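Please consider the structure shown here. The account below treats its disulfides and then one of its helices.

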Amino acid sequence: MYSKATLISAILAVAEARFAQEQVPVADVQALTNFGNPGEAGTLSGQVPGVLLAAADPCDKLSLADQIVSTLGDDAQVIAAAQKLVAAEQNFNPFAVSVPNICGDASLPATEALRGIIPLVDPDVVGSDVENANSASSLQSPFDASGLSVADIMIAQGFSNFTVNGAAAGGGANAGDNNAGNGNANNGNNNAGDNANNGNNNATPPAFNCGNNNNQNNGNNQNNNGNNQNNNGNNQNNNGNNQNNNGNNAGAGNNAGGAAAGAGAVSDPVTGTFAGFQQSSLGLDFGTCTPTVKFEESLNGRKAGEFTFQAQDPVVNKGQQEALNPAIIFNRICDQLGNVCGAADDAVAACEAAQADLGSAAKDQTTADAWNTALGFAGADINPDNAPQEGLVGHT
């Protein structure tokens, strides 16, 4: 029988291990003393912990890996150490955030021998088993990285439960979200300044500004610096509570159906078709968002016959691409409801309850239907894009 003190020590040891990931690659870089000028390997190894801290820019890790090669040379031992740094898990606090932050700059790493390698993520992240297996595999046989960022490669290999820093992954799918999550208050002036003229354009990315398209491409609102595209996460509600969320949708006529707020109907080549804001039949207040999911074949270029889940509302969907695992999408929806949509506490609680009930359910259309029903959207179309449905059975 373990004593209470022993159990507490074991728990603390595990916690310490998970919060010491920044030390893992140090030894390999320290061992490169035979390369470069005296002291250079030591200096570089001393920089490793800083780029793997939870608050570090994930692109800095890739830049340091490039610097290791450019400084110490391209000997196999040097390359191996730099590759391990690229694949290293960045420190992560699951009590503060729910997903890791990944570099979306397709120019990094610049060293060809380092490209195609993707990082480990904290085991607490939904889908980490897939990503960590992919990371180990990439060290043995790097993935195709032609024109792709590390974030893009991870998405292509089936893991997308993260935010992105730097240039957008997936053709611009979620850069804004990630910069907001990284505290880039950069876009505060977007909501108060240029966007003040844009009526209800603030709420959604330009592609979704149905009802006010005269303003869709004003430049200032479309993607101001690339990372305001969707004012996602904390940026969208610059004042913490959706102050600009959909700007002034309530009085601007976007909600023809009588809803108080929410994105209007859109059809976008990336995020697909969205019928517009809907209210829950259960009386749950989801704020400005509609938390429905779809289950379609070949989403975002997936191969024929491969069905994946995706949020339907473009505001909820921003920053998270489709996923084979419904738990990833459910987690994203619940996060967005609380962080972006201004949903009521009981609505967020209902979302989290559905997530707990259905997160490990079958990866098929019945789970999409069950999710929509649980939140008050029974009968919602789970194929709004009219995607092929070969092999999809049991859905009417």
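The torsion about the S-S bond of Cys-334 and Cys-351 is about -100°, so this disulfide is left-handed; a disulfide is taken as a pair of cysteine sulfur atoms within 2.5 Å. The two sulfur atoms of Cys-334 and Cys-351 lie 2.1 Å apart. Distant parts of the chain are linked by this pair, with Cys-334 in helix 13 and Cys-351 in helix 14 (residues 345-358), 17 residues apart. Helices (H or I, at least four residues) and strands (E, at least two) are DSSP runs numbered from the N terminus. Cys-334 and Cys-351 are each buried, where buried means under 20% relative accessible area, exposed over 50%, and partly exposed in between (1.4 Å probe, protein chains only).

The model is a predicted one, in which local features need pLDDT of at least 70 and side-chain atom pairs count only at pLDDT 80 or more, whereas totals for chains, interfaces and linings use all residues. Residues are numbered from 1 along each chain as its sequence is written, and side-chain values use heavy atoms, with hydrogens and water left out.

In total, the structure holds 3 disulfides. Cys-289 is joined to Cys-341 with an S to S distance of 2.0 Å, and this link is left-handed, with -85° about the S-S bond. Cys-289 lies in the loop between strand 4 (272-274) and strand 5 (293-297) and Cys-341 in helix 13 (residues 326-341), so the pair ties together parts that are 52 residues apart in sequence. Both Cys-289 and Cys-341 are buried.

Another disulfide connects Cys-59 and Cys-103, S to S 2.1 Å. Its torsion of 95° about the S-S bond makes the link of Cys-59 and Cys-103 right-handed. Cys-59 belongs to helix 4 and Cys-103 to strand 1 (residues 101-103), so this pair ties together parts 44 residues apart in sequence. Cys-59 and Cys-103 are both buried. With bonded cysteines counted along the chain, the disulfides follow the pattern 1-2, 3-5, 4-6.

Attention now turns to helix 5. At its start, a side-chain oxygen of Asp-75 reaches to within 2.8 Å of the backbone nitrogen of Gln-77. At 1.5 Å a residue, the 12 residues of helix 5 (residues 76-87) should span 16 Å, and the end C-alpha atoms are 16 Å apart, which agrees; the expected span is 1.5 Å times one less than the number of residues. Buried residues of helix 5 include Val-78, Ile-79, Leu-85 and Val-86. The buried residues of this helix pack against helix 2 (26-30), helix 3 (40-51), helix 4 (58-72) and helix 6 (128-140), contact meaning heavy atoms within 4.5 Å.

Methods. Polar contact = N/O pair within 3.5 Å; in protein donor to acceptor, adjacent residues only side chain to side chain.
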